Amino acid sequence: MEYNLADLFESIVDTVPGREALVHLDHPGTGAERRLTYAELDRAANRLAHHLADQGIGPGEHVGLHLYNGVEYLQSVYACLKIRAVPVNVNYRYVEEELTYLYRDAGLVALVFDAEFTDRVAGALPRAPRLRHLIRVGAPPAGAAEPSLAPVPLAAAAAAGSPDRGFGPRSADDRIVIYTGGTTGMPKGVVWRHEDIFFSGMGGGAPTGEPVGRPQELAERVAAGGEGLVFFPTPPLMHGTSMLTAFIGFHFGQKVVVHRKFVPEEVLRTIERERVTSVSLVGDAMLRPLVDALAGPLKGTDCSSLFSVSSSGAVLSDTVRAQFGALVPNAVLLNNFGSSESGFNGTATADAGPNRGFRLQVNSRIAVVDPATHHPAAVGEPGRLALRGHVPLGYHNDPVKTAETFFEADGDRWVLLGDMATVGADGIVTVLGRGSQCINSGGEKIYPEEVEQALKAHPDVYDALVAGVPDDRWGSRVAAVVQLRPDAGPLDLATLQTHCRAHLAGYKVPRQVVFTDRIQRSPSGKADYRWAKAVAAGEREA
């Protein structure tokens, strides 16, 4: 047995087959839910795996998952892993042109998709020549254009497959691909070995403790422990944060709960009903609606079972953290830091915030380096974050970007992340922001995330994004796109500037503001900086 994700899962199934593994609760009003034990989830994945193998899909071939959250997503992931095929996440928000790019770039040979995406799949399929097999979940909408390649209903595909295993040996070198969101450029597929993502993205079976020393130890720990933990990944499973949270829950032999889509009121009802202990989400875009519901229509909802709420992919603001802490004082709020290229890297310190910056207690594999020489940056000097050890193999189908991002030094393989940072004498890392979003105004470097934190500390600001727009004198100037709270009073640029000066140096304060009814983010809550820049520059309506 190796550090292979399918092998590890099967070892846990064999240890606690009758334990509840997965609960899928659907939209409000439908009453629909599915509950699967570990043995039932394993058999469901086996059936689909045998179907895929019968279609000639084998080791190393890429299978797209174009799905909302649900049993089918996790069933499809494990079905791929069992036959050594490579599951590839597909952003369900993409339109036909973006899907065509991703299908082709990823070299998909098969696709599992939700029926409501039938029109988009039909449009992209003719330009994805390697895609030879379609599996559809549910019935398509009336009038939807059927793809030229007839989809097989997932229920029929699973029914035809054997519930037993009978698969060949697997390897720690088997692959999994995570495509980035593409909000700042075309999406890129990050290629991971199973063993590497198990340790970097899933904590080696113990994200807050000692990683396992042998593959067999994972099931041994499950056998020695009890049950009662309930993991609730609330963002889309096609986002790395949620997928890794689900894996972590399974590796503990515990229950994982998913909703098809993020509906704040239903999330809170599920926390109460299922006695959820751990919630993962992405930034204020997901936590703030939960706070609003808890303070309003769902006031009094029992969240006493919660002991951790973690955010990754976007920073939680001080204001929202304080509001949630007052409503759910028993839960620990964690501002985690990670990426598709690095997995989990660290957690924000207690004093992180607008005044001191996004300060991280990082693990021993993280360093701040000079991006040109890859040598460690001096204390206080800006550099790029880098991670060594269990890192990805590179970007799928992109040798140039791979060569720019991955390097070897001192006998270790490293990945150079996109985040600029400094390191203090105490080893604490302060993340400045994404280098690609850095605003150069009169020679001063300004990172949007820092300004956004200051803006969101204002009690009337619901959400904000910051971008640089052209300026005749300074080259670029800081512009903010701001969404106010529904009950906010009148607010103008001068008031926001006065507020920001209490948290930021003068050159970082926004020089213009555009107020909007809604900040555009990805389904997982990540910032859409292309949209923000276009709105700030007047190229798109707010």
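This is a predicted model: local features need pLDDT of at least 70, side-chain atom pairs count only at pLDDT 80 or more; totals for chains, interfaces and linings use all residues.
**Cavities.** Residues are numbered from 1 along each chain as its sequence is written, and side-chain values use heavy atoms, with hydrogens and water left out.

My cavity is a set of points, on a 1 Å grid over the protein atoms alone, where a 1.4 Å probe fits but cannot get out; a lining residue has an atom within 4 Å of a point. Points are joined across faces, edges and corners, and the volume is the space filled by probe spheres set on them.

The largest cavity holds about 140 Å³ of space. I counted 17 residues in its lining, with N89, I176, V177, I178 and M243 nearest the centre. Two or more lining residues come from each of α3, β4 (86-89), β8 (175-179) and α9 (240-251). Helix α9 gives the largest share, four residues. Helices (H or I, at least four residues) and strands (E, at least two) are DSSP runs, numbered from the N terminus.

What is the lining made of: nonpolar, polar or charged residues? I got 14 nonpolar, three polar and no charged. Here Ala, Val, Leu, Ile, Met, Phe, Trp, Tyr, Cys and Pro count as nonpolar, Asp, Glu, Lys and Arg as charged, and the others, Gly among them, as polar.

**S242.** I then checked S242, which sits in helix α9. S242 counts as buried because its relative accessible area is 0%; the cut-offs are under 20% for buried, over 50% for exposed, and partly exposed in between (1.4 Å probe, protein chains only). Beyond its neighbours within four places in sequence, S242 is in contact (heavy atoms within 4.5 Å) with P233, T234, P235, P236 and L237.

**Cores.** Next I looked up the nonpolar cores, meaning sets of buried Ala, Val, Leu, Ile, Met, Phe, Trp, Tyr and Cys residues joined through side-chain atoms within 4.5 Å. The largest has 105 residues, and L5, Y103, L111, F198, F250 and L385 touch the most other members. Helix α3 (residues 71-82) supplies the largest share of this core, eight residues. A second, separate core has 29 residues, including V230, F232, V279 and V291.

**Strand β11.** How many of the residues of β11 (residues 255-259) are buried? Five of its five are. K255, V257 and H259 cover one side, V256 and V258 the other, and all are buried. Strands pair if DSSP finds at least two bridges between them. Strand β1 (residues 20-25) pairs with β11 in the parallel sense over four bridges, and L25 stands opposite H259. Strand β10 (residues 230-233) also runs parallel to β11, joined by two bridges; there F231 stands opposite V256.

**Positive phi.** Last, I noted two arginines. R84, in the loop between α3 and β4, has a phi near 70 degrees, positive in a residue other than glycine. R84 is partly exposed, at 29% relative accessible area. R275 lies in the loop between α10 (264-274) and β12 (278-281), with a positive phi of about 55 degrees. R275 is partly exposed too, at 36%.

Technical notes
On a 1 Å grid over the protein atoms alone, a cavity is a set of points where a 1.4 Å probe fits but cannot get out, and a pocket is an open set with protein on both sides within 12 Å along at least five of seven lines; lining residues have an atom within 4 Å of a point.
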